[in-house]
Amino acid sequence: MQNEKESSLKNKKIALGVCSSIAIYKAAELTSRLVKLGADVSVVMTENASKLMSPRIFQTLSRNRVCVSMWEEISDWKPEHISLAESIDLLLVAPATANAIGNFANGIAPDMLSTLYLATKAKVLIAPAMNCDMYSHPAVQSNMKTLEDRGVEFVETQTGMLACGRVGAGKLADVDVIIKRVEEVLSK
C-alpha cells in the first residue's frame with residue numbers, strides 16, 4: 001500500500017457509510033487506513049450499526065464527529081446531510097446491507113445515510129456484505145443493477161465462510177481491495 005506522501009487519497013474528502021453488518025469491524029480498519037493515507041473521513045452510521053459498534057471508535061479513528069441521526073444538534077445552519085453531500089469527493093458505503101442498497105435504489109430515505117446518498121452528486125462506491133442467499137436474491141441483484149445503471153460502482157464481494165456459518169458470496173471485500181477500488185474511482 002502506498003505511504004501517505006504518495007497517496008492519491010491525500011486531502012480527498014470521503015464520507016464512509018457504515019451499515020449494520022457483522023463485517024462492521026472491517027469498517028473500523030478501513031477508516032484508520034484511509035486516514036493514514038491522508039483522506040479526510042467523515043463517518044455516517046445507521047442507527048442499527050451504532051448498536052453493533054460504538055460511534056466513538058469511528059470518531060477516534062477518523063478524527064471527525066460521527067453522524068448517526070438526522071436529529072442531532074448541528075453547528076451550521078445548513079442541514080448536515082446537505083453540507084456533507086456538497087463537500088465530499090466520494091461516498092463509500094462499507095459494509096452495505098441489503099436494506100441500504102434497497103433504500104438507495106428506490107429513493108427511500110429513512111436515515112442520515114440514505115438522505116446523504118440522495119443529496120450528493122459525488123461518486124458513490126458500495127461494498128456489500130450479507131448472507132449469500134440475501135446477496136443472490138433477485139430483489140438485491142435488481143437493486144444493485146438499478147444503482148449501477150445510475151453510475152454507482154460496487155466492490156465485488158468475496159466468497160468464503162460467512163458469519164452465519166454458510167459458505168458463499170456476500171462476504172465484505174478485504175480492506176486492501178476496497179482501498180484499491182476507492183483509488184480507482186477517485187482517479188477517474
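This briefing describes the sheet, the nonpolar cores, an aromatic pair and selected contacts of the structure above.

The structure is a predicted model, in which local features need pLDDT of at least 70, side-chain atom pairs count only at pLDDT 80 or more, and totals for chains, interfaces and linings use all residues. Residues are numbered from 1 along each chain as its sequence is written, and side-chain values use heavy atoms, with hydrogens and water left out. Helices (H or I, at least four residues) and strands (E, at least two) are DSSP runs numbered from the N terminus. An open sheet is formed by 5 strands in the order E2-E1-E3-E4-E5, with parallel pairing.

**The sheet**

- E2 and strand E5 (153-154) stand at the edges, each with a single partner strand, so one side of each is left without a neighbour in the sheet. Strands are taken to pair if DSSP finds at least two bridges between them.
- E1 and E2 are parallel and share 6 bridges; here Leu16 stands opposite Val43 in E2. The chain passes from E1 through H1 to E2 in a right-handed β-α-β crossover. Right-handed means that, with the strands pointing away from the viewer, the path from the first strand over the helix to the second runs clockwise.
- E1 also runs parallel to E3, joined by 4 bridges, and Gly17 has Val93 in E3 as its bridge partner.
- E3 and E4 run parallel and are joined by 5 bridges; Leu90 has Lys123 in E4 as its bridge partner.
- E4 and E5 pair in the parallel sense over 2 bridges, with Phe154 in E5 as the bridge partner of Ile126.

**Burial of the strands**

- In E1, 6 of the 6 residues are buried, so this strand is largely enclosed by the rest of the structure. Buried denotes under 20% relative accessible area, exposed over 50%, and partly exposed in between (1.4 Å probe, protein chains only).
- In a regular strand the side chains alternate between the two faces of the sheet. From E1, Lys13, Ala15 and Gly17 point one way, Ile14, Leu16 and Val18 point the other way, and all are buried.
- E3 is likewise mostly covered, with 7 of its 7 residues buried.

**Nonpolar cores**

- The largest nonpolar core has 36 residues, of which Phe58, Leu92 and Ile178 touch the most other members. Such a core is a set of buried Ala, Val, Leu, Ile, Met, Phe, Trp, Tyr and Cys residues joined through side-chain atoms within 4.5 Å.
- At least two residues of this core come from each of strand E1 (13-18), helix H1 (24-36), strand E2 (40-45), strand E3 (90-96), strand E4 (123-128) and helix H9 (175-187).
- A second, separate core has 29 residues, among them Cys19, Leu84, Ala96 and Ala105.
- Beyond its neighbours within four places in sequence, Phe58 is in contact (heavy atoms within 4.5 Å) with residues including Val18, Ile24, Val43, Met45 and Val66.

**Aromatic pair and helix H6**

- The count of aromatic pairs comes to 1. Phe104 and Tyr117 are stacked, at 4.4 Å centre to centre and 20 degrees between the planes. The pair links distant parts of the chain, 13 residues apart: Phe104 lies in helix H5 (residues 98-106) and Tyr117 in helix H6 (residues 112-119).
- Rings of Phe, Tyr and Trp (its six-membered ring) pair if their centres lie within 6.5 Å; planes under 30 degrees apart count as stacked, over 60 as edge-to-face and the rest as tilted.
- Both Phe104 and Tyr117 are buried.
- In H6, 6 of the 8 residues are buried, so this helix is largely enclosed by the rest of the structure. The buried residues include Met112, Leu113 and Leu116.
- At the start of H6, a side-chain oxygen of Asp111 comes to within 3.3 Å of the backbone nitrogen of Leu113.

- Lys26 is placed in helix H1 and, at 10% relative accessibility, counts as buried. The Lys26 side chain reaches the backbone oxygen of Leu172 at 2.9 Å.
- Outside four places in sequence, the contacts of Lys26 include Gln158, Leu172, Asp174 and Val175.
- Val175 is placed in helix H9 and counts as buried at 5% relative accessibility. With residues up to four places away in sequence not counted, Val175 touches Lys26, Glu29, Leu30 and Arg33.
- Val175 and Asp40 are 135 residues apart along the chain, and their C-alpha atoms are separated by 17 Å.

Note on methods
A polar contact is a pair of N or O atoms within 3.5 Å; within protein, one must be able to donate a hydrogen and the other to accept it, and residues adjacent in sequence count only if both atoms are side-chain atoms.
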